[in-house]
Amino acid sequence: QVQLVDSGGGLVQAGGSLRLSCAASFSRRESTSVVMGWFRQAPGKEREFVAAINWFNGVTKYADPVKGRFTLSRDNAKNTVYLQMNSLKPDDTAVYYCAASRPKPWERLLRDDEYNYWGQGTQVTVSS
């Protein structure tokens with residue numbers, strides 16, 4: 001059973017930055033076959049893919065709205081994934097969730113139902 005704890009949300013002005021963290025409970029052996037994703041859900045909207053990283057090889061994928069502004073990284077020693085969010089916009093306001101999945105084709109990993117484990121979510125609010 002993998003447990004995920006996400007944190008780091010808050011209130012920031014447009015143009016500002018935040019760094020979200022997702023601490024995972026999986027073992028070093030399990031980390032060789034895990035993809036960590038971030039999704040977000042704004043009020044009245046469906047949950048949408050933001051970004052994902054293959055823990056083993058570090059390959060990343062980003063949704064078009066966040067490309068060039070958001071960056072994923074991982075700390076193997078801490079079993080933690082970070083989502084650095086720069087140049088934030090009011091449209092980025094949402095609850096952000098980290099999630100874990102086995103490696104799959106990237107087109108499947110854009111879907112939230114392909115992920116088995118989820119964090120509790122952290123609120124990001126960007127004021128204009």
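Me: What lies over the face of Tyr-97?
Reply: In this predicted model, Arg-47 does, at 5.4 Å from the ring centre. The distance part of the rule asks for CZ of Arg within 6 Å of the ring centre.

Me: Over the face of which other ring does Arg-47 lie?
Reply: Arg-47 also lies over the face of Trp-118, at 3.9 Å from the ring centre.

Me: How many aromatic pairs are there?
Reply: The count is 5 aromatic pairs.

Me: Why is the pair of Phe-39 and Phe-49 called edge-to-face?
Reply: The ring centres are 5.7 Å apart and the planes stand at 80°. Centres within 6.5 Å make a pair, and planes over 60 degrees apart make it edge-to-face, so Phe-39 and Phe-49 are an edge-to-face pair.

Me: What makes this pair a tie between parts of the chain?
Reply: Phe-39 belongs to strand E4 (residues 35–41) and Phe-49 to strand E5 (residues 48–54), so the pair ties together parts 10 residues apart in sequence.

Me: What makes Phe-39 and Tyr-115 an edge-to-face pair?
Reply: Their centres are 5.0 Å apart and their planes are at 80°. With over 60 degrees as the cut-off, the pair is therefore edge-to-face. This pair links distant parts of the chain, 76 residues apart: Phe-39 is in strand E4, and Tyr-115 is in the loop between helix H1 (106–109) and strand E10 (117–118).

Me: How do you know whether Phe-39 and Tyr-115 are buried or exposed?
Reply: Buried means under 20% relative accessible area. Phe-39 has 0% relative accessibility, so Phe-39 counts as buried. Tyr-115 has 5%, so Tyr-115 counts as buried.

Me: Which residues form the aromatic cluster?
Reply: Phe-39, Phe-49, Tyr-97, Tyr-115 and Trp-118 form one cluster.

How values were computed: Residues numbered from 1 in each chain as written. Predicted model: local features only at pLDDT ≥ 70, side-chain atom pairs only at ≥ 80, totals over all residues. Heavy atoms only, no water. Phe/Tyr/Trp six-rings, centres within 6.5 Å; stacked < 30°, edge-to-face > 60°. Helix = DSSP H or I, 4+ residues; strand = E, 2+ residues; numbered from the N terminus. Buried < 20%, exposed > 50% of the residue type's maximum accessible area, 1.4 Å probe, protein only. Lys NZ or Arg CZ within 6 Å of the ring centre and 35° of its normal.
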